Amino acid sequence: MEAAMGLMRRIHPKNTDTALSALLSLLPHHSSDLLSQVDQPLQVLCDVDSGKEFILCEYNRDSESYRSPWSNKYHPPLEDGSHPSVELRKLEIEANDVFSVYRDQYYEGGISSVYMWEDDNEGFVACFLIKKDGSKSGQGRRGYLQEGAWDAIHVIEVGPEEEGTAHYCLTSTVMLSLTTNDESSGTFSLSGSIRRQMNMDLSVSEGHLCNMGKMIEEMESKLRNSLDQVYFGKTKEMVCTLRPPAEVVQMRLPDS
């Protein structure tokens with residue numbers, strides 16, 4: 001299992017589905033662990049009842065059907081699919097509306113979905129998902145990328161209230177892939193994923209949704225900075241070392 005997880009961390013996001021299927025065939029006794037621990041690029045389906053798209057993941061799947069956060073129905077239809085309680089469903093609807101505004105402000109488009117369900121500790125779990133297609137043919141508004149995708153998964157475990165406070169455990173994963181194709185530089189591809197966790201005890205006076213939103217906003221800021229420093233910063237440093245710009249090479253040449 002450790003070797004399988006190490007392999008999945010090094011696989012290009014485009015090949016995640018193929019690699020995961022191969023590992024499930026080789027390690028059928030670890031299938032539940034692999035499916036729960038391996039984050040896959042998010043897929044999208046259209047809710048025919050609401051006319052809106054929603055994101056597919058393990059957290060809204062029951063059997064081979066996926067529950068839409070907009071209509072609360074499964075696609076394809078499933079008679080005995082699990083649903084959140086009435087009270088939690090109201091919070092889920094509000095969270096989807098608020099998170100759509102957050103997505104538009106921070107991502108300039110994309111698709112978002114929020115799912116909630118009760119856990120065994122008298123609390124609940126919320127999953128916030130964002131998918132942004134940044135390619136020229138997708139939702140990219142600047143047109144710099146030939147292909148590009150940003151998949152963000154935020155899972156928050158909320159404990160039961162105790163004396164006006166609740167414990168929040170946030171686990172966030174971001175998967176990034178991009179490809180450029182320029183005449184001067186040729187084809188360049190960069191991809192990777194990053195996962196971080198945050199624990200906080202917060203007052204519930206302003207509501208769970210407010211607390212979860214603040215944690216996600218703070219976590220996404222940290223993840224963006226890490227991606228900028230690690231993936232882009234280190235890649236730029238390596239490329240400039242191996243292939244220094246022409247002006248740098250000219251400065252290094254001895255005077256004739």
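These notebook entries record what I looked up in a predicted model.

**Entry 1: helix H5**

I began with helix H5, which covers residues 208–242 and has 35 residues. From its first C-alpha to its last, H5 reaches 50 Å, close to the 51 Å expected at 1.5 Å a residue. I then looked for bending and found a kink of about 30° in H5, centred on glycine 233.

Next I asked which residues of H5 are buried. Among them are His208, Leu209, Asn211, Met212, Glu220, Leu227 and Tyr231. I noted that the buried residues of H5 pack against helix H4 (86–107) and against strands S6 (111–118), S7 (124–133), S8 (147–158), S9 (165–182) and S10 (186–203).

**Entry 2: helix H2**

I turned to helix H2, residues 16–26, where Thr16, Ala19, Leu20 and Leu23 are buried. Seen down the axis of H2, these buried residues fall within an arc of 100°, so they line one face of the helix. On the other side of H2, I found Thr18 and Ser25 exposed. I recorded helix H1 (2–9) and helix H3 (31–37) as the elements against which the buried residues of H2 pack.

**Entry 3: aromatic rings**

How many aromatic pairs are there? I noted a count of five. I also recorded one aromatic cluster, formed by Phe99, Tyr102, Tyr106 and Phe128.

Finally, I looked up charges placed over rings. The charged end of lysine 52 sits over the ring of tryptophan 70, 4.4 Å from its centre. Arginine 224 has its charged end over the ring of tyrosine 107, 5.4 Å from the centre of that ring.

How values were computed
Residues numbered from 1 in each chain as written. Predicted model: local features only at pLDDT ≥ 70, side-chain atom pairs only at ≥ 80, totals over all residues. Heavy atoms only, no water. Helix = DSSP H or I, 4+ residues; strand = E, 2+ residues; numbered from the N terminus. Expected span 1.5 Å × (residues − 1). Bend = angle between axes of the 7 residues up to and from the residue. Buried < 20%, exposed > 50% of the residue type's maximum accessible area, 1.4 Å probe, protein only. Contact = heavy atoms within 4.5 Å. Arc of directions from axis to C-beta. Phe/Tyr/Trp six-rings, centres within 6.5 Å; stacked < 30°, edge-to-face > 60°. Lys NZ or Arg CZ within 6 Å of the ring centre and 35° of its normal.
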